[in-house]
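I opened the notebook to record what I looked up in one structure. The entries follow in the order I made them.

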Amino acid sequence: MKILVINGVNLNMLGIREPEIYGEKTYTELKKFIKASADKLGLKCKIVQSNYEGKIVELVQKAYKKFDGIILNAGAYTHTSVAIKDALSAVGLPVVEVHLTDINSREEFRKFSYVSLVAEKVIVGKGFEGYAEALRYFAEKRDK
């Protein structure tokens, strides 16, 4: 099973950006964690990051018929991008939405997610572990 992990805007700034909210671990550490978690489950994964909405749309579109599922942390685009939601709908791949923080207990504008409208599962507030949970979700689907 091949999973595409897409990290959106500002995720590359982990460890620098508001460490009191997002923690002190870096994006490089996140990628290593995701890769190790996927390896333990026998999943193949590709991890990408972009600060550009159009690039995220292109990554989703290119996943069509190449990946079995998408894990997406769109960052702030979660709350604003109909384009990303539409791309996810178009490709029809299973999507798990992940957020490091609990977006439901933060600012009011973060409580709505376009991605959630198409995601099979939403994981919030579990830090890096949220990605491992998303990978386990796909492994369980594979094993059914």
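Before listing what covers a residue, I needed a cut-off: contact means heavy atoms within 4.5 Å. I also noted that the model is predicted.

Entry on helix H2. I looked up its extent and found residues 27-41, which is 15 residues. From the first C-alpha to the last, H2 reaches 21 Å, close to the 21 Å expected at 1.5 Å a residue.

Which residues of H2 are buried? I listed Tyr27, Leu30, Ile34, Ser37 and Ala38. Seen down the axis of H2, these buried residues fall within an arc of 100 degrees, so they line one face of the helix. I wrote the general rule beside this: an α-helix has 3.6 residues a turn, so residues three or four places apart point the same way.

I then checked what covers the buried residues of H2, and found strand S1 (2-7), strand S2 (44-49) and helix H5 (129-143) among the elements that do. On the face turned away from the buried side, H2 carries the exposed residues Lys32 and Lys40. Just after H2 comes Gly42, and I noted its positive phi of about 70 degrees.

Entry on His79. Where is His79 placed? I found His79 in the loop between strand S3 (69-73) and helix H4 (82-91). Its relative accessible area is 11%; the cut-off for buried is under 20%, so His79 counts as buried.

Leaving out residues up to four places away in sequence, I listed what His79 touches: Ile103, Phe109, Arg110, Phe112 and Tyr114. For Arg110 I also noted that the side chain of His79 reaches its backbone oxygen at 3.3 Å.

Key. Residues numbered from 1 in each chain as written. Predicted model: local features only at pLDDT ≥ 70, side-chain atom pairs only at ≥ 80, totals over all residues. Heavy atoms only, no water. Helix = DSSP H or I, 4+ residues; strand = E, 2+ residues; numbered from the N terminus. Expected span 1.5 Å × (residues − 1). Buried < 20%, exposed > 50% of the residue type's maximum accessible area, 1.4 Å probe, protein only. Arc of directions from axis to C-beta. Polar contact = N/O pair within 3.5 Å; in protein donor to acceptor, adjacent residues only side chain to side chain.
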